[in-house]
Amino acid sequence: MQRFYRIDHRGTPRFVVESGRTWQLVEGDLFGEWQAGDVVNSSGQRLLAPVNPSKIVAIGRNYKDHAAELNNPLPVEPLIFLKPPSSIVGPGDPIVLPSGVGRVDHEAEVGVVVGRLARHVKRADASKYVFGFTCVNDVTARELQKKDVQFTRAKGFDTFAPIGPSLVTGLDYQGSEGLLVEGYVNGERRQSSSTKSLIFPIDELIEFVSAVMTLLPGDIISTGTPAGVGPLKAGDSVTIKVAGVGELTNPVQ
C-alpha cells in the first residue's frame, strides 16, 4: 500500500509519496515511471485534490437503500453522469451553496482512480486499471436534480466535487468486507455502508464505463452513495471517510 498527496509546493501542484512519517516529492509520472525525490515537511502544507482528472464519471443509485430513500426504482444497468473538473475542490476548501437552488445535499462516495488508459476493459481485467482510491463528496442540488431530465446542472456547480485527502493504492476492494464509506455532518454520522453493498461492483463499473468512453490516467469513477444523504447549510462542516484513505473535510458557506 502507498499513500500519495498532492500539495501546493512553492506555487506549483506536486505529488508527494508518504513513507513512514516522511513525505517525498514524486519525480516523473505518477501513472508511469516515477521515483521519490526530495523530502518535504509534512506539516503546514496546503493539500490539493489528490488528482486532476479529465473527468469524474459518477454512478447514480448504486446502493439499494439510497434508491429507496429517494423513491427511485433500482437501475437495470449502471446510471452514469459526469461532474466537470471545474467542480473539484480539495480538503478544507469551502463548498459554496449557490443562491436560489434550494436543498443541497452531501453524498459520501468511494472514488476509484484509474491508473492507465482504459477502453473496452473486460471485467476480469478491471483490477489492472485501478490505480487507487480516494474520498469523493458528490454534492447535489436535490431540487434541480428532480426538476431536470439529466443531472448535469444539479451536480456540476463549482465546489460540488470535494476530493481527497489522499490517493491510496493497494486497498483490498475485492475482499468480502469491501471498502467502508461514511459521511458526517458537524461530527454526526449520517451515512455508513461498504462497497460490498454496491448494486454494480467496481469491476463491473470499469467494464461498463470504459465501453462508453475512454478513461485516462487520473480519471475518477465515483461509485455511488449509500442512504443517509441530507441537506447542508452555511456553517456546516461535512466529512467523508473511506477506510484506508482518511478523512475529507470541507466547510459549507
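1. Let's start at R153, which is partly exposed at 38% relative accessibility. Its side chain meets that of D148 in a salt bridge, 3.0 Å from N to O. D148, at 17%, counts as buried, because the cut-off for that label is under 20% relative accessible area. Please keep in mind that this is a predicted model.

2. A second pair worth a look is E204 with R123, whose side chains form a salt bridge at 3.8 Å, N to O. E204 belongs to helix α4 (residues 202-212), while R123 sits in the loop between β9 (108-114) and β10, so the contact ties together parts that are 81 residues apart in sequence. As for burial, E204 has 19% relative accessibility and counts as buried, whereas R123 is partly exposed with a relative accessible area of 40%.

3. Next come K83 and D138, with a salt bridge of 2.6 Å between their side chains, N to O. This pair links distant parts of the chain: K83 is in strand β6 (residues 79-83) and D138 is in the loop between β10 (130-137) and β11 (140-141), 55 residues apart. K83 is buried, with a relative accessible area of 2%, and D138 is buried too, at 0% relative accessibility.

4. While you have K83 and D138 on screen, do follow their neighbours in the network. Salt bridges link K83, R103, D105, E107, D138, R142 and K155.

5. How many salt bridges does the count come to? The count is 19 salt bridges, and the K83 and D138 pair, the E204 and R123 pair and the R153 and D148 pair are among them.

Terms used
Residues are numbered from 1 along each chain as its sequence is written. This is a predicted model: local features need pLDDT of at least 70, side-chain atom pairs count only at pLDDT 80 or more; totals for chains, interfaces and linings use all residues. Side-chain values use heavy atoms; hydrogens and water are left out. A salt bridge is a side-chain nitrogen of Lys or Arg within 4 Å of a carboxyl oxygen of Asp or Glu. Helices (H or I, at least four residues) and strands (E, at least two) are DSSP runs, numbered from the N terminus. Buried means under 20% relative accessible area, exposed over 50%, partly exposed in between (1.4 Å probe, protein chains only).
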